[in-house]
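Open the model in a viewer and keep the sequence panel beside it. The stops below are meant to be taken in order.

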Amino acid sequence: MATDKQIEANRRNASRSTGPRTAAGKAASSRNAMRHGLTARQVVLSDEDPAEFEAARLGLIQELWPETPLEKQIVERLAGIKWRLARVPIIEAELLERHRVDVLGRDQGLGVAWSRDGGALMQLSRYETMLERSLLRQMGELRRLQCERKKREAGADRIDVRR
């Protein structure tokens, strides 16, 4: 339990701490808790190329041709999921690389890396599965919406022909 002196000292110290003041400082502190970026709110991380993500996003838009606002929102979500999924093999390789080398810098192999892992690879696999399922759900929803839209458009064409 903290003493009265410690509590008072903590209060004094806390009153002097105002946190980051600049926009850059606030942006940096907002990323303090980030561990892997697989569930980050911000799709493109600071060490990733925003232009590369934009090219991937535009390629997906060209491939899937969303027309309604909801279809566009789903394609945006798909772009983010695909981008996050692309991180998984990079993280996996870094984990295995880190665990396969002993304290003397000798390569001990993948088996040793696997045994030293401590569950990070299993957690990574769960994130990957979560992202893949989300990707499949979003693709299914997009297909369903596009199919319904095309049916409505075909029905509207038939109505116009009869008039």
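The tour goes from the whole chain to its cores, and then to selected charged side chains.

**Whole chain**

This is a predicted model. Colour the chain by secondary structure: six helices and zero strands are assigned, so the order from the N terminus reads α-α-α-α-α-α. Switch to a surface next. The protein chain exposes about 12,100 Å², with carbon and sulfur atoms supplying 54% of that area. Of its 163 residues, 28% count as buried. For contacts between residues at least 6 apart in sequence, 65% join residues at least 24 apart.

**The largest nonpolar core**

Select Phe53, Leu60, Leu64, Leu78 and Leu142. These have the most contacts inside the largest nonpolar core, a set of 17 residues. Helices α3 (50-64), α4 (69-100) and α6 (120-162) each supply at least two residues of this core. Which helix gives the largest share? That is α4, with seven residues.

Now centre on Leu78 and show its surroundings. Not counting residues up to four places away in sequence, Leu78 touches Leu60 and Leu64, and also Leu135, Gln138, Met139 and Leu142.

Move to Arg57 in helix α3. Is Arg57 buried or exposed? Arg57 counts as buried because its relative accessibility is 15%, below the 20% cut-off. Beyond its neighbours within four places in sequence, Arg57 is in contact with Glu76 and Ala79.

The side chains of Glu54 and Arg57 meet in a salt bridge, 2.6 Å from N to O. The two residues are three apart in helix α3, so about one helical turn separates them. Glu54 counts as partly exposed, at 31% relative accessibility.

**Arg149 and Glu67**

Ten is the count to keep in mind here: a search of the whole structure finds 10 salt bridges. Select Arg149 and Glu67 for another of them, with the closest N and O atoms 3.1 Å apart. Arg149 lies in helix α6 and Glu67 in the loop between α3 and α4, so the pair ties together parts that are 82 residues apart in sequence. Arg149 is buried, with a relative accessible area of 5%, whereas Glu67 is partly exposed at 47%.

Salt bridges with shared partners join Glu67, Glu71, Arg149 and Glu153 into one network.

**Arg100 and Asp107**

Next, select Arg100 and Asp107. They form a salt bridge whose closest N and O atoms are 3.0 Å apart. Asp107 counts as partly exposed, at 48% relative accessibility.

**Asp117**

The last stop is Asp117, in the loop between α5 (110-116) and α6. Which side chain of opposite charge is nearest to Asp117, and how far away is it? It is Arg98, at 5.8 Å. A salt bridge needs the nitrogen within 4 Å of the carboxyl oxygen, and Asp117, although buried, has none.

Show the backbone of Leu121 as well. Its nitrogen lies 2.8 Å from a polar atom of the Asp117 side chain. Leaving aside neighbours within four places in sequence, Asp117 is in contact with His99 and Met122.

How values were computed
Residues are numbered from 1 along each chain as its sequence is written. This is a predicted model: local features need pLDDT of at least 70, side-chain atom pairs count only at pLDDT 80 or more; totals for chains, interfaces and linings use all residues. Side-chain values use heavy atoms; hydrogens and water are left out. Helices (H or I, at least four residues) and strands (E, at least two) are DSSP runs, numbered from the N terminus. Buried means under 20% relative accessible area, exposed over 50%, partly exposed in between (1.4 Å probe, protein chains only). Contact means heavy atoms within 4.5 Å. Accessible areas come from the Shrake-Rupley method with a 1.4 Å probe; for residues, only the protein chains shown count as cover. A nonpolar core is a set of buried Ala, Val, Leu, Ile, Met, Phe, Trp, Tyr and Cys residues joined through side-chain atoms within 4.5 Å. Lys and Arg count as positive and Asp and Glu as negative; His and the chain ends are not counted. A polar contact is a pair of N or O atoms within 3.5 Å; within protein, one must be able to donate a hydrogen and the other to accept it, and residues adjacent in sequence count only if both atoms are side-chain atoms.
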